[in-house]
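Please keep the structure open while you read.

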Amino acid sequence: MASDIPKVVPLTCHGHSRPVPHINFSSTVEDDQYYLLSACKDNNPMLRDGITGDWIGTFLGHKGAVWQARLSTDATIAATAAADFSAKVWDTHTGECLHTLQHSHICRAVAFPLQPSPQVVATGGFEKKLRIFDLTQGSNTSSPINATSGENGANAAQTPPATSYEIGPGVHGGTIKSIVWNQDYNILTTAAEDRKIRWWDLRSRHPVVEYAVEGAIGSCELNTLAIRPNDPGILTIAAGKSVYLFDGSTPGRLLKKSDFRYEVASAAVNNESGKLVTGSAGDTWARVYDLRTDEELGMDLLSSPSCLMT
């Protein structure tokens with residue numbers, strides 16, 4: 001019976017004027033606080049209180065749709081990937097743009113290592129290139145932006161741009177849609193439009209495992225629990241009409257594949273509660289399943305197609 005399905009009232013965060021293709025939560029920082037960062041096609045990523053949803057600030061500076069946004073583990077910096085052929089790194093306390101990382105095509109994905117205060121960031125996109133930028137080798141702070149007001153700060157002296165190197169030239173056969181840094185600093189995971197999931201070893205700069213999924217990739221996220229230090233997590237991938245769950249500590253080790261009757265746009269898991277949540281590409285329902293049995297536990301009607309990144 002429909003009346004038996006529990007209804008969860010969502011926390012609505014207003015402010016964006018166009019679709020939101022990606023959201024990212026930080027880990028728990030001081031006093032059980034955490035933050036939420038949203039990427040939006042209105043060019044303006046927003047930082048919010050993760051508990052209340054209250055707006056903290058908007059990072060102004062991109063001149064194209066922002067496709068992905070991620071916070072560092074300690075939430076001190078943020079990175080955004082955009083259609084203006086750039087990725088940007090931001091100071092979340094002051095709102096300053098610390099680095100503008102130029103690309104020759106649309107940037108779709110960014111990732112930080114899971115260590116606090118990361119000194120590097122990974123990027124990828126339409127170039128089909130996985131790049132690692134060293135943030136200690138240069139900066140771009142000539143026109144800092146205040147997160148709350150958007151006002152230009154005092155001009156700083158120009159310094160050389162952050163240096164970068166490419167991982168695995170020519171390997172990706174399509175746009176890189178997502179990058180995940182594993183608990184092991186030396187391992188990165190990429191999801192691309194060639195329907196391949198690849199685990200990369202930064203020491204050799206070559207893929208150690210490659211896995212082909214059966215449909216177009218909608219999302220690729222590492223779901224971890226903040227209450228478990230060094231939790232390797234579960235790599236959750238929505239592709240076609242399936243959700244793939246990989247062991248976060250062992251590259252390429254498939255834990256489970258769940259098949260559905262609809263195209264899955266996004267998926268997230270909570271291993272402690274044993275729940276899997278999916279968003280559909282064709283309707284506005286978010287569905288909750290038992291992680292072990294795939295039994296549908298509930299569903300909630302949203303105002304637009306779901307993108308669930310936790």
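1. Start with Trp199. Its relative accessible area is 1%, so it is buried. Buried means under 20% relative accessible area, exposed means over 50%, and partly exposed lies in between (1.4 Å probe, protein chains only). This is a predicted model, where local features need pLDDT of at least 70, side-chain atom pairs count only at pLDDT 80 or more, and totals for chains, interfaces and linings use all residues. Residues are numbered from 1 along each chain as its sequence is written, and side-chain values use heavy atoms, with hydrogens and water left out.

2. The structure holds 8 aromatic pairs. Rings of Phe, Tyr and Trp (its six-membered ring) pair if their centres lie within 6.5 Å; planes under 30 degrees apart are stacked, over 60 edge-to-face, and the rest tilted. The centres of the Trp199 and Phe246 rings are 5.1 Å apart and the planes stand at 65°, so this pair is edge-to-face. Trp199 belongs to strand S15 and Phe246 to strand S19, so the pair ties together parts 47 residues apart in sequence. Strands are DSSP runs (E, at least two residues), as helices are (H or I, at least four), numbered from the N terminus.

3. Phe246 is buried, at 0% relative accessibility. The rings of Tyr211 and Phe246 also have centres 5.1 Å apart, with planes at 80°, so they too are edge-to-face. Tyr211 sits in strand S16 and Phe246 in strand S19, so parts 35 residues apart in sequence are tied together. Tyr211 is partly exposed, with a relative accessible area of 23%.

4. Stay with strand S19, residues 242-247, for Ser242. Is Ser242 buried or exposed? Its relative accessibility is 5%, so it counts as buried. Its side chain makes a polar contact with the side chain of Asp259, at 2.6 Å. Such a contact is a pair of N or O atoms within 3.5 Å; within protein, one must be able to donate a hydrogen and the other to accept it, and residues adjacent in sequence count only if both atoms are side-chain atoms.

5. Next, the sheet S9-S10-S11-S12. These 4 strands form an open sheet in that order, with antiparallel pairing. Strands S9 (107-111) and S12 (163-167) are at the edges with a single partner strand each, so one side of each has no neighbour in the sheet. S9 pairs with S10 (residues 120-125) over 4 bridges. Two strands pair if DSSP finds at least two bridges between them. Cys107 stands opposite Gly125 in S10.

6. Now the hairpin of S21 and S22. It has 4 residues between the strands, and Gly274 in the turn has a positive phi of about 70°. The two strands run antiparallel, joined by 6 bridges. Of the 7 residues of S21 (residues 264-270), 5 are buried, so this strand is largely enclosed by the rest of the structure.

7. Check two backbone angles. Most residues other than glycine have a negative phi. Arg205 is not a glycine, yet its phi is positive, about 65°. Arg205 is in the loop between S15 and S16. Asp294 has a positive phi near 65°, and its place is in the loop between S23 and S24.

8. Last, the whole chain. The protein chain has 0 helices and 24 strands. Buried residues make up 48% of its 310 residues.
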